[in-house]
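I opened a notebook on this structure to record what I looked up, entry by entry. The sequence and the model come before my notes.

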Amino acid sequence: MKRYYSVSDYCRDTYGEKLYKLSLSTGFTCPNRDGTTGTGGCAFCTGAGEFSADAALDAFAQIEQAKARVADKFRGDGYIAYFGSGTNTYGDLGRMERLFRDAAAHPQIRVLSVATRPDCLPDEVLTLLASLRAVKPLWVELGLQTADDRVADSFGRGYALDAYERAVSSLRQVGAHIITHVIFGLPGESRGGMLDTVRYVADRTGGVKLHCLYVCRGTALEREWRAGRFDCLERDAYIDLLGDALELLKPQTVVHRLTGDGDKRTLLAPMWTADKKAVLAAIERRFRERDVVQGRCYG
């Protein structure tokens, strides 16, 4: 029987309780949007934080706003402060420090989680992250998407794979739990290439977030999709790919996400991703058929 280590089990094992993620915002932009490495962002990115709290608020107010949003879903007392929208280590260092420190100081926050690009971790930010790690457990999510630089260039990622290597090395020294974000179905990437990316990150990351590519209105990817230059993954193909990917992970690798969902107001394709509950149910059914179950290790 094959088992994957879910984030729920990881939180219970590590922190003694189930935790719920609160989506917060620094309001920072991205070097791939402000002209530093590019101006349009990655081809699939909307640049919006559709699910995040109001970036104009301070950290405590954002946390309370985010808690209110999830009050009907979660009755526990422990939360993850997740700065996920934009590049959250790319901006004013003073504001960054205030937001991160205040979030870490909140009595109900058990974990501080920061999403960023591997090329946006200068020494002063790493020093800040190290000091925060001394206050609360720290997760850092790196948007890799693919280990194939050729594919990455095609959607305008704006950095080479060696930036990810350097980021992983630096974050290990900080003591962060490293999460790597991988997207399946990128234009020009074969099924074998997607699994090669999983093999690559399996030796380097503490956790993974997996989901398929989706096309949203207003992105550069929309033009490519409408022109018929690529097809999105079908649901069954994605789920089978997901099962193969999980078999490549190390026993201790934490699976933070099995699927994702874009903003329904702008989502164009694939529309099956819009019903996340149905997708998760289909994943569970297929995994039962393949004898893949949630658990603490492969056995």
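I began with a cut-off: a residue counts as buried when its relative accessible area is under 20%. The model I am reading is a predicted one.

**Entry: helix α1**

I looked at helix α1, residues 7–15, and found D9, Y10 and C11 buried there. After α1 comes G16, and I noted its positive phi, near 80°.

**Entry: H177**

Next I looked up H177, which lies in strand β6, residues 177–184. Is H177 buried or exposed? Its relative accessibility is 12%, so I put H177 down as buried. I then listed what H177 touches, leaving out residues up to four places away in sequence. The list holds Y10, L138, W139, V140, G206, G207, V254 and H256. Y10 had already come up in my notes as a buried residue of α1.

**Entry: A66 and helix α2**

I located A66 in helix α2. A66 has a relative accessibility of 5% and therefore counts as buried. Setting aside residues up to four places away in sequence, I found that A66 touches L22, S23 and L24. I also checked A66 against F51, 15 residues apart along the chain, and their C-alpha atoms are separated by 9.2 Å.

I then asked at what angle α2 packs with helix α3 (residues 93–105). The angle is about 55°, and the axes are 8 Å apart. That makes α2 oblique to α3. From α2, the contact is made by A59, F60, Q62 and I63; from α3, by L99, D102, A103 and A105. I sorted the residues of this contact into six nonpolar, one polar and one charged.

**Entry: α7 against α9**

I turned to helix α7 (residues 191–202) and helix α9 (residues 235–248), whose axes come within 9 Å and cross at roughly 30°. An angle under 35 degrees counts as roughly parallel, so I recorded α7 as roughly parallel to α9. Their crossing is right-handed. Which residues of α7 and α9 meet? I found R191, M194, L195, V198, R199 and A202 on the α7 side, with D240, L241, D244, A245 and L248 on the α9 side. The residues of this contact divide into seven nonpolar, no polar and four charged.

**Entry: α9 against α10**

I followed α9 to helix α10, residues 276–290, where the axes come within 10 Å and cross at roughly 55°. The two helices are therefore oblique to each other. I noted a right-handed crossing where α9 passes α10. On the α9 side I listed R235, I239, D240, L242, G243, D244, L246 and E247. These meet A278, V279, A282, I283, R285, R286, F287 and R290 of α10. I counted eight nonpolar residues in this contact, one polar and seven charged.

**Entry: salt bridges**

Why look for pairs of charged side chains? Side chains of opposite charge can pair when their charged atoms come close. How many salt bridges are there? The count comes to 22.

I looked at the pair D77 and R110, whose side chains meet in a salt bridge at 3.3 Å, N to O. D77 is in the loop between α2 and β3, while R110 is in strand β4 (residues 109–116), so I noted that the pair links distant parts of the chain, 33 residues apart. D77 counts as partly exposed because its relative accessibility is 42%. R110 counts as partly exposed at 21%.

Next I took R204 and E165, with their closest N and O atoms 2.9 Å apart in a salt bridge. R204 lies in the loop between α7 and β7 and E165 in helix α6, so the pair ties together parts that are 39 residues apart in sequence. I have R204 as partly exposed at 23% relative accessibility, and E165 as partly exposed at 32%.

My last pair was D263 and R265, a salt bridge with the closest N and O atoms 2.7 Å apart. D263 is at 8% relative accessibility, which means that it counts as buried. R265 counts as exposed, at 63%.

How values were computed
Residues are numbered from 1 along each chain as its sequence is written. This is a predicted model: local features need pLDDT of at least 70, side-chain atom pairs count only at pLDDT 80 or more; totals for chains, interfaces and linings use all residues. Side-chain values use heavy atoms; hydrogens and water are left out. Axes are lines fitted to C-alpha atoms, for helices over the stretch in contact, and angles run from 0 to 180 degrees between N-to-C directions. Helices (H or I, at least four residues) and strands (E, at least two) are DSSP runs, numbered from the N terminus. Angles under 35 degrees count as roughly parallel, over 145 as roughly antiparallel, 65 to 115 as roughly perpendicular and the rest as oblique. A crossing is left-handed if the near helix is turned anticlockwise from the far one by less than a right angle, and right-handed if clockwise. Contact means heavy atoms within 4.5 Å. Ala, Val, Leu, Ile, Met, Phe, Trp, Tyr, Cys and Pro count as nonpolar, Asp, Glu, Lys and Arg as charged, and the others, Gly among them, as polar. A salt bridge is a side-chain nitrogen of Lys or Arg within 4 Å of a carboxyl oxygen of Asp or Glu. Buried means under 20% relative accessible area, exposed over 50%, partly exposed in between (1.4 Å probe, protein chains only).
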